[in-house]
Every structure is written in C-alpha cells, then in structure tokens.
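Dear colleague,

I am passing on the structure we spoke about, and I would be glad if you could look through it alongside the notes in this email.

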Amino acid sequence: MKKVAFYTLGCKLNYSETSTIARMFENRGYQKVDFSDSPDIFVINTCSVTENADKKCRKVVQEAKKISPDSYVTIVGCYAQLKPVEISEIPGVDAVLGAAEKFQLIDYLDGFQKKEKPQVFASEIKEAKRFNHSYSYGDRTRTFLKVQDGCNYGCAFCTIPLARGKSRSDSIQNIVVAAQEIAATDVKEVVLTGVNIGDFGIQDGRRVEKFLDLVKALDEVDGIDRFRISSIEPNLLTKDIISFVAKSKRFVPHFHIPLQSGSNKILQRMNRRYLRELYAERVATIKKLMPHCCIGVDVIVGFPGETEEDFLETYQFLNELDISYLHVFTYSERANTDAIEMDGVVPMKDRNKRSKMLRSLSEKKRRNFYEENLGGQFTVLFEEDIEEGMMHGFTENYIRVAAKYDPILINETKKVELREINDRGVVEVTEAEEEILVH
Ligand code: SF4
C-alpha cells in the first residue's frame, strides 16, 4: 500500500480541498500518513495570496525530499495554477496540476511513476468550470464545508479569480446532504467556506439559487450545533441575511466582513463594490439586532495611492466602528493585477508602520470586545487545544476561552459564564450553573 502525505498552505478553502483529495486517495487504496512518516507520495496544496508563495513551496519540497528522497512530489492549488512551469522547475517536483485538474490527480498521474521530466497539467483558468464538492474532516475540530468557488469581482489587488476561475457553487440540495453526512460524525461546528460566498448560487454561469436560502436550509440540519459563515463581502451581506442569523437556531453571531480600506478614494481605486458608508451601516444593523455579535474585518495597508491622510481616515473609521478584531494585510505587489500598474507606490517602511498601527488597534478592539462580554453567559465548544492543564475553545461569538482541562468536555459544547481575561488574553470561564471549571 503506497503512503501519501499532504501539506496545505493558505486558506480554509485549501484545507477543505486537501481533505477531499486525501479521501480520494484513501478510497483508491492509498494510506494517508503524516508528513514525516516516510511517504511515497507528497501532495502540496499551494496558495497565491501567501507572502513568498514561491519560497514556501520550495521549502516544503526540500523538506519532503529530506524525509523521503525517492518520493513523488505533486504540487496543486492556486500558485500551481498561476505559475505551473516555474513550479515544475523546482528541484524535486514531479508533477504540477492546475485548478481544472487537481481533483483528478490520481488519474492524471497514473500510478505515480517518475518520468524523465516533471509533468505539468494546467489548462487555462477558463477551463475551471466544474464545482468540486469538498469538506475537511479529521484534521481539525471543526469542518470547513466548501459551498462556492471562484469570483467574478475584479478587485485591483487580487489574483484569486486568475487562480480559481469564475464564480460557481454547489446546489443547496447537495450541500444539505454533505451537512447531514457531517452531522453523522462527531463534528459540532461547520464553517461555510468559499471565495466569495455571498455570491453563492451560480451554476453553469447562471444564478439559480441564493445564499439566504442556503442559510435557511442549513439551519434545519439536525446534529450540527453551529454553522459559522467564514467571510462575506459587505455589499452581499444583506439585511435579510443578518436578520435571519439573528433569530436562527444554528448560525452563530459572528461575521467576518472584508473592508480593505476606510477611505472611499482607496476603495474606488481597489475596485471594491461599496463605500465606507455602506460598511458602517451593515455593522450598525448587525449590532442593533445582535449586540454580542463578533465582527472581524480584513484591511489592507499601503495600497498604491494610499497617502498618510487616507490611512488615518481608515484608522479613524475603524477606531470608531463597533467591531471586534482586524486581520491586517500589508499590500504587496502581485503580477497580472491592475494594482501593480498603479502609481503612488507606498514605501515599504510606511506600509510596515501602518500595519503595526492597525495591529495594535486590533488588540485594543479585541480586548474591548472581550471586556464588554465579561459576566455574560455563552456556549463554548472545547477543542483539543490543551496547554499547561487548561483546555481552550471558542464561544459562539468567537471569544477564545480557557477552563481547567477535563477530558470529558473535549469536543463538547458547554454553557459558561465569562469571568476574566487572563494574562494571555484568553477569557477564563466558570460553568454557567456555578460549578467551578477554573480553580
Ligand atoms: S471579492 Fe475581490 S478580493 Fe475577494 S476573491 Fe473576489 S476579486 Fe479577490
């Protein structure tokens, strides 16, 4: 039995796809092993958004060859779609498969026999039209369920549409079946994943379903405690979706909404489809209906043309907004994007300074959000995350909590009261019925 190991770089979508590819190998009689367990085959799922994608890919290949010098090394994923030939030239790589081919890699690679030269199967991205159903299982406490892929937006900084193709989705019916399959396992939380999930519902180039209807259908799936929406564009997060989540049985009060800039001038240069006023209005609606809702924000600093004033406008906007944390990205140039042609390049030292300022703002926001919720009762899902006698987990509104380790509670949901923020920035809790978990 040949042994195969996987390595994933990048986002939740990549994790869900690696898991699916791994299950395909297992169904065909291969044995899935750890990276260090002398595999015969390595599959490395790459990302184009990650900084130094090329360097990271090389590093993983080098490690793989150190562990198993005669192994067969296959590269898939977004970076493989963008730069197939360059990747095939990395010493040690045997095959590269693009977005349209990666789910058929076992068939393409025919027994994983080494050839004289690396094999490249990467058609143009317009050929990636199929939706390949995926969810992760076994790697993490929660499952990432892919509901949508690709994107029709053309944000000036983004290579994802070039790496993943046009927007396309699974059907609600298929997704409900997948959720029922997941419910039959012991997974308690499902994170809905996609590139632009608010754009859910396009099949064969036609819009046939809506994201709100998917949310409504999933809310009825018994056996799943929580559904979390991973990230949704502000213009697609409608009042109807927010209102439904506010009264839903299983969708948690947590949204991650990319803002990217708090300056309308920069939003327009980025080719984003909203202005800051719409964003502020969405946040206000969420907080009115769900005062305890956690709101995460993606923001990019140092986009071409971003002056010090534009940045301070972003800072001020975020400072005043009722949000819970930020994911800060320092703009970096990417080939084949509109932004790379733009003038007003921001010096790296300014990009780094701005990034640092927003990271400390994020810390402040997170702490405020935690403090606001102290004394409240929430449900926590404890994970296999144990350190110095404490176990950790997240509340429905994404507050990281710690309690004294109790093996019976791992992968279980429990009602707790938030007590205090410890010196690691994690909230210590007691059981809601007053039974002390933290001593
Ligand atoms: S919405 Fe914009 S940033 Fe997001 S994947 Fe599409 S093009 Fe990229």
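Predicted model: local features only at pLDDT ≥ 70, side-chain atom pairs only at ≥ 80, totals over all residues.

The shell around the ligand is formed by Cys151, Tyr153, Gly154, Cys155, Cys158, Ile160 and Pro161, together with Val195, Asn196 and Glu233.

Turning to the helices, α9 (residues 239–247) and α11 (residues 276–289) have axes that come within 10 Å of each other and cross at roughly 20°. Because angles under 35 degrees count as roughly parallel, α9 is described as roughly parallel to α11. The crossing of these two helices, α9 and α11, is right-handed. On the α9 side the contact involves Lys239, Ile242, Ser243 and Ala246, which meet Thr285, Ile286 and Leu289 of α11. The residues of this contact between α9 and α11 divide into 4 nonpolar, 2 polar and 1 charged.

The last point concerns Phe329, which belongs to strand β17 (residues 325–330). Phe329 has 19 other C-beta atoms within 10 Å and is therefore classed as partly exposed, since a residue counts as buried if there are 20 or more and as exposed if there are 12 or fewer. Leaving aside residues up to four places away in sequence, Phe329 touches Asp298 and Ile300. Between the C-alpha atoms of Phe329 and Tyr398, which are 69 residues apart along the chain, the separation is 21 Å.

Terms used: Residues numbered from 1 in each chain as written. Near = placed C-beta within 6 Å. Axes fitted to C-alpha atoms, helices over the stretch in contact; angles between N-to-C directions. Helix = DSSP H or I, 4+ residues; strand = E, 2+ residues; numbered from the N terminus. Parallel < 35°, antiparallel > 145°, perpendicular 65-115°, else oblique. Left-handed = near helix turned anticlockwise from the far one by under 90°. Contact = placed C-beta atoms within 7 Å. Nonpolar A, V, L, I, M, F, W, Y, C, P; charged D, E, K, R; others polar.
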